[in-house]
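Q: I would like to learn how to read a few features from a model. Please take them one at a time.

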Amino acid sequence: MKRSATANWQGTGKEGKGKLSTDSGVLKDTQYSFNTRFEDGIGTNPEELIAAAHAGCFTMKLSFNLTGAGFTPGNIDTKAAVTFENGAIPNIHLTVKATVPGIDKAKFDELVLDAKQNCPISKLLNTDITYEAELV
């Protein structure tokens with residue numbers, strides 16, 4: 001399986017503008033620019049897309065882990081906060097809140113840690129990944 005996306009940029013780094021598209025069509029000529037990356041412009045940016053990919057991947061991996069351990073998750077909400085500073089991403093912090101009937105906190109924490117370590121996006125990223133997990 002291969003997934004792909006394209007980027008087009010026109011102009012200088014600060015004054016230029018770009019468009020991002022995905023094969024699925026979820027992103028189609030989605031605007032990104034200096035303002036969307038470093039200020040509050042309308043559009044997206046690479047760090048936001050990394051956060052979305054990581055939150056989605058981690059959440060799905062946690063769901064698989066819970067199901068594999070015999071639990072049926074009712075709901076899992078994950079926020080991935082990507083820190084971008086000095087031209088690098090030094091860390092990503094995951095905050096997960098889940099409703100999982102019948103699970104104890106120790107087992108939940110074990111499965112969360114495994115998801116953090118083993119979701120494909122976590123494995124891809126070369127950064128410090130921290131997390132906090134709460135059963136609700």
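Q: How do strands β1 and β2 pair, and over how many bridges?
A: Strands here are DSSP runs of E, at least two residues long, while helices are runs of H or I of at least four residues, both numbered from the N terminus. Two strands pair if DSSP finds at least two bridges between them. In this predicted model, local features need pLDDT of at least 70 and side-chain atom pairs count only at pLDDT 80 or more, whereas totals for chains, interfaces and linings use all residues. Residues are numbered from 1 along each chain as its sequence is written, and side-chain values use heavy atoms, with hydrogens and water left out. Strand β1 covers residues 5–10 and β2 residues 17–22; they are antiparallel, with 6 bridges. Opposite T6 stands S21 of β2.

Q: What lies between β1 and β2?
A: The two strands form a hairpin, with 6 residues separating them. In the turn, G11 has a positive phi of about 100°.

Q: How many disulfides does the structure hold?
A: A disulfide is a pair of cysteine sulfur atoms within 2.5 Å. The structure has 0 of them. For C57, the nearest cysteine sulfur is that of C119, 3.4 Å away, and C57 is in no disulfide. C119 is likewise in no disulfide, its nearest cysteine sulfur being that of C57.

Q: Are C57 and C119 buried or exposed?
A: Buried means under 20% relative accessible area, exposed over 50%, and partly exposed in between, using a 1.4 Å probe and protein chains only. C57 is buried because its relative accessible area is 17%. For C119 the value is 0%, so C119 is buried.

Q: Where is S122 placed, and which side chain does S122 join in a polar contact?
A: A polar contact is a pair of N or O atoms within 3.5 Å; within protein, one must be able to donate a hydrogen and the other to accept it, and residues adjacent in sequence count only if both atoms are side-chain atoms. S122 lies in helix α4, residues 120–124, and is buried at 6% relative accessible area. Its side chain makes a polar contact of 2.7 Å with that of H54. Contact in general means heavy atoms within 4.5 Å. Beyond neighbours within four places in sequence, S122 is in contact with residues including H54, K116 and I129.

Q: Which residues touch the most other members of the largest nonpolar core?
A: A nonpolar core is a set of buried Ala, Val, Leu, Ile, Met, Phe, Trp, Tyr and Cys residues joined through side-chain atoms within 4.5 Å. Here the largest has 22 residues, and F58, L62, L66 and F108 touch the most other members. Its largest share, 6 residues, comes from α2.
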